[in-house]
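Hello,

Here is the structure you asked to look at.

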Amino acid sequence: MIRIFFILSVFIVATLCVEASLTLSADTPWIVSAGEPEAVQRALDDVAADWYKVLGYDPIVLREPPENWRGPVVYLGLDGPWLKDLVKEPWAGAECFVVRVEKDAAGRTALVATGSDVRGAIYAAYALSEELLGVDPWYFWTDHEPAFKGTVEVPEELSLRFGPPTFEYRGWFINDEDLFSAFCPDPMRENVFSLEMYDRIFETVLRLRGNMAVPATFAFPDEQSQVLAARRGLALNMHHIQVVGLNTYRWPADVPYSYQEYPEILTREWQRCVDFLSQFENVWTVGYRGKHDRPFWVDDPSLDSPEKRGALISRAIAAQVEMIRKKQPDAMIISNLWMEGATLYHAGHIEIPTGVVLVWPDDGAGVPRDGGQVKAGQGVYYHTAMLSSWHNQLSEMVPPGRIYAELGRFVRAGATRFFLVNLSDVRPVPLSTDCAMKFVWDASAYIEKSDQENRDAFLLDWSRRQFGAAMAAEVARVYGGYFDLPTTGGRRRGISGFIPRFASCSGSCRRRCAPGRRCRRRESPGGGARWRWSSRRRAYWSAGAKRRVGWRDVSLPTGGISSAGTSRFSWHCTGIPTRCWARTRGRSWRGRAGRRMWRCGR
Amino acid sequence: MALREMRASLSAAEAAISARREGEYGRWRDWYRGDWFVGFPVTRDILRANVALMSGEAPAPGRGVVGSSEVYRYQERFSENFPFLYRESSPGR
């Protein structure tokens, strides 16, 4: 009797367990409205391809569930009339979404993936793919095609809710795309590279819950890459060179380029760009720079003082803002203070109109040049790849610890309106870009933890996703060593704020210092990026420093001497005889134990 | 001494390029073909020319530095349509 009771119990429990999950098969029908926006439909096309890979057949897509069907269904999209019955609670904000199991009006078990708006619905579809089908957002770039499974079990208690995002706008800038231009050229010779590759890029932005793109270094306002980005549901942004979308790199040789001497010419061209681009969702960039990627006074030296230059830039910005407000009164407008813009702004020579979001650029290596001045309502222009004489564009260069530290500073300050990451040719930098995109989508998962803890957890998770659980710990250790490598680096006179491309400090100062050498580490009270290092006669100051000392090209001794990877003056030393100073807000500390300083060396 | 160092540099550059080829598999074959900006192939050419000169030989022909004007060499139809690529995009047309 007892035996029978036991067997029955096991059977009942087993039955309950089976019933407690929803089995997705290739034949589980999708319910998708005919009126879905194009951007949502394109995302669903991607997820249909994922479905085929994992479950073996294309999905059965219906406009509504058949009345006589009592099996499970999948509700997707934004437009369906079923939405109000399946998601009754209000959304917490823009770009929110859910992926969950519930009963529909007819009592069917339903997997629901929908969102508060177009991008919310897109993110929901991709989340279903990632969370349930196991499709990595980076699968195309890291060659991890999802495995065939045939069926997928979904717990009936599944209820995933996402958003709103931490940063309002989160986008990619495809910059210095030399690899793309030869690898996949556009057969029509119109875009720098093929629209097929662009489609992959925009798909990945959306899979990572981004919402904005700057598709090329020198894109025309009406280039098809821009149109494709818009049709996929992304907002268009313009980088610091192409204010309001004007491609000054292609400026005609026989037309003067000077807002000082010929304001009517630039006003006319800016207006034409604003008129055309107003048909899309934009995050408008305003400013005034020279042709190509240089200060305007290189081509127009008539203004010879910072005051005059700043005043001209301020006038140009005011004129552009007026044009934009007439066309798109509620559009977001930013001022990206790249290079000379940051210097003039710090000196108080540039006036930003009310309502324009000030965006702090980084130094090209993941350290924003705000000098500790970042405030709520601002944003950041970031790099995970950078082309210059002293950056390596072909492999990862920004350590995760630096990303958590620097972007964390912006989150704590409330400067979360805008995040644009420059990632050049994409494929060389998936690790750091993934780290940054996850953080800007939802910083709450990281912000209370230490940068070191976040860094270690991320490297382990990335290694597991890319190389499998068995090798994850070892691979993460190798990554950690890679990002800790001190390398030689150089810099050029006149370009400030550069933290060398090497190594983050992993908080391992003592470990890395040779025995018998002293090494101290203290948190900086002000945070920020005011620091310098010194190696005998050579010195380096950041953008935020008030004075420049020993201002000359830096050539580190072989093996490197020290590096600052994260903010708050986390240093590590390699044992080369060196002294390190830190400085914040006019105070500088040096070489004494017990003071606020680091001393690394003999 | 200098020649020996130059030859060692050339070997190192070729080893780096060779290692990089391992990343050119599957769909990514030829991925680094467009490496003009960092310029591993050009660096190798420069080293080859220097080795030849220091050995008293005629310098080998090189590929030349490729700049942004070559990378962004497409889109020439803009020249009559500026600031647009397509004439029909101009507002008012």
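In this predicted model, strand β2 (residues 30–31) of chain A pairs with β4(A) in the parallel sense, over 2 bridges. One of the residues involved is Trp30(A), whose bridge partner in β4(A) is Val74(A).

Glu64(A) sits in the loop between β3 (61–62) and β4 (73–76) of chain A. With a relative accessible area of 59%, Glu64(A) is exposed.

Next, the helices against this sheet. How do the axes of α4(A) and α2(A) cross? They come within 9 Å and cross at roughly 10 degrees. The cut-off for roughly parallel is under 35 degrees, so α2(A) is roughly parallel to α4(A). The residues of this contact divide into 14 nonpolar, 1 polar and 2 charged. Among those on the α2(A) side are Val40(A), Leu44(A) and Trp51(A), and the α4(A) side includes Ile122(A), Tyr126(A) and Leu133(A).

Helix α2(A) itself covers residues 38–55, which is 18 residues. From first C-alpha to last it reaches 25 Å, close to the 26 Å expected at 1.5 Å a residue. Its buried residues include Val40(A), Leu44(A), Asp46(A), Asp50(A) and Trp51(A). After α2(A) comes Gly56(A), with a positive phi near 100 degrees.

Further along chain A, strand β12 (residues 282–286) has 5 of its 5 residues buried, so the strand is largely enclosed by the rest of the structure. Asn282(A), Trp284(A) and Val286(A) point one way from β12(A), while Val283(A) and Thr285(A) point the other way. Strand β11 (residues 235–237) pairs with β12(A) in the parallel sense over 2 bridges, and Asn282(A) is the bridge partner of Leu236(A).

The loop between β11 and α9 (263–277) of chain A holds Thr248(A). Is Thr248(A) buried or exposed? Its relative accessibility is 3%, so Thr248(A) counts as buried. Leaving aside neighbours within four places in sequence, its contacts are Ile241(A), Tyr257(A), Gly290(A), Lys291(A) and His292(A).

Last, some backbone details. Most residues other than glycine have a negative phi, and most peptide bonds are trans. The exceptions to look up are these:

- Asp143(A) has a positive phi of about 60 degrees. It lies in the loop between α5 (139–142) and β7 (151–155) of chain A, and is partly exposed at 27% relative accessibility.
- Arg189(A) also has a positive phi of about 60 degrees. It is partly exposed, with a relative accessible area of 42%.
- The peptide bond from Gly163(A) to Pro164(A) is cis, with omega near 0 degrees. Pro164(A) is in the loop between β8 and β9 (169–173) of chain A.
- In chain B, the peptide bond from Phe82(B) to Pro83(B) is cis, with omega near 10 degrees.

Regards

Notes:
Residues are numbered from 1 along each chain as its sequence is written. Chains are lettered from A and ligands numbered from 1 in the order in which they are written. This is a predicted model: local features need pLDDT of at least 70, side-chain atom pairs count only at pLDDT 80 or more; totals for chains, interfaces and linings use all residues. Side-chain values use heavy atoms; hydrogens and water are left out. Helices (H or I, at least four residues) and strands (E, at least two) are DSSP runs, numbered from the N terminus. The expected span of a helix is 1.5 Å times one less than its number of residues. Buried means under 20% relative accessible area, exposed over 50%, partly exposed in between (1.4 Å probe, protein chains only). Axes are lines fitted to C-alpha atoms, for helices over the stretch in contact, and angles run from 0 to 180 degrees between N-to-C directions. Angles under 35 degrees count as roughly parallel, over 145 as roughly antiparallel, 65 to 115 as roughly perpendicular and the rest as oblique. Contact means heavy atoms within 4.5 Å. Ala, Val, Leu, Ile, Met, Phe, Trp, Tyr, Cys and Pro count as nonpolar, Asp, Glu, Lys and Arg as charged, and the others, Gly among them, as polar. Two strands pair if DSSP finds at least two bridges between them.
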